[in-house]
Amino acid sequence: MIAMHKLVLRSVTKSYTKGTTVLKPFDLVAQSGELIVLVGPSGCGKSTLLKLIAGLEKLDDGQILLGDRDITDAEPRQRKIAMVFQNYALYPHLTVRENLAYPLRRQKLRMPAITEKVAMVARQLRLEELLDRRPSQLSGGQKQRVAMGRAIIREPDLFLLDEPLSNLDAALRTHVRGEIRDLQRRLGTTMIYVTHDQVEAQTLADRVVILRDGEVQQIGPPQEIYARPANIFAAAFLGAAPPNFLAGRVINGRIDVGQASLPFSDLPGECRTALAGREQVYLGLRPELLRAADDHYGDHLVLHGAVSSREIVGNTQNVYFRTDTACADMTRLSALAGRYLTDELVWTTENSNTGDTVKLAIRPEDILFFDAEGQAIGTHGSDTL
Amino acid sequence: MNRFSSLTLRFLLAAIFVAPILLALAASFRDNSEMYRHAGSLSFWTFLPSEPTLDAYRRAIALPRLPMQLFNTVLLGFVMATGTAVSSLLAGYALSRFRFRGREALFLLMLFTLFIPVDVILPPLFFVIRDLGLIDSFWGLALPFIFSPVGVYLIRQAIEEVPRELDHAASLDGAGLWEVLRTAILPNIRGAVIACWLMHFVFVWEWYLWPLTAMRRDDGQLAQVAIAGLIDPLRSTDYALVFAAAILTIVPAFIVFALLQRFLTSSQATTGGK
Amino acid sequence: MPHPTAASGRDISRRNRSAAFLEGWGPALVFLCPALVMLCLFKLWPIAEAIHTSTGTFDPGGQRIDTAGFDNFGFALSDSRFQWGLWLSLAAAIVKVPVQLALGLAAALMLRANTGGNALVRAMVISPMFFGLPVTTFVFAYLFDANVGAINAILSGIGLPRVAWLSTEAPAQLLVLGLSVWRDVGVTMLVFLAGLSAIPPQIAAAARLDGAGPLALFFTITLPLLARSFQFAVVLATLASFQILVPVLMLTKGGPTGATDLASFQIYETAFSYFDLGTASSMSLLLLVGLIVVIALELRWLAVKWTYE
């Protein structure tokens with residue numbers, strides 16, 4: 001029996017003193033049972049948004065609805081929201097058992113009921129052996145499980161998770177990530193998950209919200225954002241490595257990228273119309289979508305480069321190379337992408353014997369096109385709500 | 001709680017601690033007979049001088065031994081502060097950086113002496129100083145309190161926070177034990193050393209029992225102890241004179257504190273609680 | 001030379017053992033020297049001196065004339081005045097510690113937010129410490145003076161009878177304890193402020209989301225997490241409660257009719273007015289042991305079983 005609790009945020013705004021806006025008017029509808037990942041670099045406002053939903057901070061303007069309740073001005077304890085904090089925020093003076101029981105005791109539940117629920121959650125999260133320990137005697141992964149247990153035990157209408165995996169080591173992170181996903185699926189509770197890690201965003205989310213400087217960049221399923229990012233920032237954020245960015249010039253029904261050239265006729269139709277009438281565009285080429293070009297790649301964009309270095313990661317290889325002509329203004333691009341970009345290009349390949357020069361091709365439909373302001377060109381930009 | 005009542009509460013709290021001091025300050029500008037004249041009934045002039053006068057300060061300066069006694073307090077302040085800072089620095093360095101058997105036990109023993117209040121141990125301490133022939137001497141006043149467990153604790157904690165790699169780097173560069181202390185550690189714990197110095201400087205103005213016991217020469221006495229002799233609670237005390245003299249006594253401490261307090265960080269003032 | 005090797009072997013092993021015992025002391029001793037000498041001379045020797053003196057009898061000139069065994073302790077403990085003094089010292093702690101803790105905690109909770117106004121009020125609460133105990137005692141003597149004191153002026157102004165503060169029993173006790181609390185409450189506040197700032201804000205946030213209202217938050221989270229501060233503040237306040245001799249010596253002289261006749265005041269009088277060194281030393285030791293027992297009990301009752309990390 002899954003309760004239906006949809007979360008609606010209507011033009012939620014927040015600024016601190018001195019007029020610095022942390023959150024521009026923000027709208028989001030999280031469907032009941034949906035797992036939404038808020039992602040963005042530190043300081044983008046994602047944690048603030050979480051605190052606003054939790055009621056730990058007051059919003060300046062806007063409205064928050066949970067299910068059929070307006071919780072905009074409700075006290076945190078009245079919201080029926082559970083939160084897992086980055087440092088877990090377990091009560092250090094209480095045992096695991098008492099930590100789990102804490103929310104139930106605040107609800108004035110009777111002791112037998114509390115004991116029963118604690119036992120159930122402990123079984124679910126494999127905490128039985130740890131019930132009498134204090135948080136300081138737990139490992140990072142165990143603390144994480146207790147924090148999850150404390151969140152689910154009161155059957156909240158909404159879960160908020162604030163970078164719950166950032167204090168775990170890499171191996172454990174993957175494992176716990178899966179557990180969180182399974183748990184959320186099983187409980188069917190709406191979840192808002194904040195992270196700065198794009199891998200978590202891709203693997204967990206039903207929909208991803210990309211935030212930058214308090215402003216939404218794109219909202220959509222991860223695959224869709226990967227395939228059709230709304231702007232350079234979103235393109236650079238989601239994906240193992242940011243795309244290779246090149247400058248292109250639109251001339252006479254073709255795009256010149258350095259010495260390479262791509263006729264409009266090879267492009268998908270909607271792209272063609274959107275590109276017509278422009279002069280300068282940026283091209284984004286995902287490193288993993290490049291492939292070694294041999295002769296029959298006539299309709300592809302083909303790049304020639306001199307290899308500068310390579311690194312081997314398991315069975316794949318990152319090949320760093322430069323093309324002499326197609327470099328864009330990297331300072332401007334770095335600003336648009338919100339991260340430091342160099343004019344060195346990278347090719348991710350499973351091909352292990354590559355020479356000192358490379359000849360690479362990419363399918364025209366895999367190329368991302370952006371205008372001078374970094375916005376996607378064509379039908380690429382998905383729905384922003 | 002609304003804004004008004006929370007402000008009122010804060011104001012009351014501040015007043016409880018500041019009003020008595022301000023009252024004493026006001027009293028120092030009064031004439032004694034004027035003070036007694038207004039004492040009977042409650043009015044503005046019960047608390048404030050109706051005819052402010054510096055007469056009390058004139059009389060305080062004219063007290064034959066006060067300048068000498070004030071000098072004693074200030075001198076003792078400098079000696080205590082410097083002596084404590086130096087001995088604590090050396091001991092803190094040894095207790096933090098050297099490995100020797102019983103190090104922790106020694107540190108605990110030092111801390112344990114915190115539990116021996118002067119009030120309780122006054123007679124035996126007096127006998128020890130008498131046996132050393134230091135009664136009625138300046139050093140008899142100073143020496144017993146130059147070792148300060150609080151100072152050692154403060155400095156040791158500060159040195160603990162200096163990364164050991166800094167010592168290692170300095171000694172690889174050829175520094176001996178003294179140079180390591182002087183060049184690698186001292187520059188990094190300057191705040192703690194100044195805090196220690198200042199704390200023990202100001203602390204001399206707390207003194208009463210020990211100088212009262214161990215110093216019976218008037219011209220060797222500390223100002224605050226001598227001024228206490230002016231108070232006779234069961235008869236009529238010349239409070240104007242008492243507070244004029246007391247304020248003159250405090251002024252040097254305030255000047256030194258004002259000069260040095262900018263070197264203090266708030267962390268040093270509060271780490272004691274952790 | 002019979003068994004030279006055995007002899008030298010024993011010699012070496014003994015030297016090794018003492019070398020092991022003194023391991024690392026060489027260079028440390030140079031730096032420890034000033035502190036160590038002072039520690040021995042002025043902290044440890046007085047204790048030894050007290051133990052030695054307490055077992056002797058002395059002529060009025062301070063010369064030891066006889067060994068008394070434990071007679072001095074017996075005499076002190078069976079003296080009804082000293083019994084009263086010990087009880088009074090304990091009562092001072094029993095009153096001062098909880099009052100000071102409650103006030104200090106209240107002040108800390110009120111002033112915990114880091115605003116400019118709060119910083120100012122905090123500085124004012126701490127300010128009595130900067131004036132020194134003697135001067136603050138002068139201030140209280142004036143404030144509570146029977147004739148010109150502001151307190152009596154206010155009392156009579158609002159129609160209450162004037163109080164002879166220093167010559168009535170309960171008011172004299174109130175004055176001495178009040179001065180002590182007023183002076184020391186700032187320290188307690190600082191300890192609690194440090195304790196409050198050490199509580200991770202997320203823990204309070206978690207509790208609020210878990211359904212804790214202001215009261216539940218205070219009693220189930222804030223207060224338990226201040227346990228360490230409590231321990232520290234209680235020990236400090238207890239120590240301070242054994243150091244209220246100054247106002248007694250300056251103002252009340254143990255009176256009126258023994259109302260402020262603290263054990264420490266009796267020790268002072270016995271040593272420096274009656275020159276009964278043996279009894280004074282045994283009284284010092286008794287009070288010291290009493291203080292240490294009280295603090296040990298407090299530390300035991302207030303032991304903290306958890307840590308943050």
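Let's start with salt bridges between the two domains of chain C: the count across that interface is 0. Please keep in mind that what we have here is a predicted model. So who are the two partners? Domain 1 of chain C covers 4-54, and domain 2 covers 72-301. Their C-alpha centres are 39 Å apart.

How many residues are in contact across this boundary? On the side of domain 1 of chain C there are 5, and they meet 8 residues of domain 2 of chain C. Together the two domains of chain C bury about 460 Å², with carbon and sulfur atoms giving 73% of that area. Three residues deserve a look on your screens: A50(C), T53(C) and S54(C) supply 79% of what domain 1 of chain C buries against domain 2, more than any other three residues. As for polar contacts, 1 residue pair is counted between these domains of chain C, with both residues at pLDDT 80 or more. The touching side of domain 1 of chain C is made up of 3 nonpolar and 2 polar residues, with no charged ones.

Contact involves 20 residues of domain 1 of chain A and 20 residues of domain 2 of chain A. The buried area between them is about 1500 Å², and 71% of it comes from carbon and sulfur atoms.

On the domain 1 side of chain A, four elements each give at least two of the touching residues: α6 (198-204), β9 (207-212), β10 (215-220) and α7 (222-227). The largest share, 4 residues, comes from α7(A). By class, that side of chain A has 12 nonpolar, 7 polar and 1 charged residues.

One last stop, in chain B. Look for R156(B) in helix α9, residues 149-160. Is R156(B) buried or exposed? Its relative accessibility is 9%, so R156(B) counts as buried, the cut-off being under 20%. Beyond neighbours within four places in sequence, R156(B) is in contact with G92(B), L95(B), S96(B), E104(B) and F107(B).

Methods
Residues are numbered from 1 along each chain as its sequence is written. Chains are lettered from A and ligands numbered from 1 in the order in which they are written. This is a predicted model: local features need pLDDT of at least 70, side-chain atom pairs count only at pLDDT 80 or more; totals for chains, interfaces and linings use all residues. Side-chain values use heavy atoms; hydrogens and water are left out. Contact means heavy atoms within 4.5 Å. Buried area is the accessible area (1.4 Å probe) that two parts lose on being put together, summed over both. Ala, Val, Leu, Ile, Met, Phe, Trp, Tyr, Cys and Pro count as nonpolar, Asp, Glu, Lys and Arg as charged, and the others, Gly among them, as polar. Buried means under 20% relative accessible area, exposed over 50%, partly exposed in between (1.4 Å probe, protein chains only). Domain bounds come from an automatic or database domain assignment. A salt bridge is a side-chain nitrogen of Lys or Arg within 4 Å of a carboxyl oxygen of Asp or Glu. A polar contact is a pair of N or O atoms within 3.5 Å; within protein, one must be able to donate a hydrogen and the other to accept it, and residues adjacent in sequence count only if both atoms are side-chain atoms.
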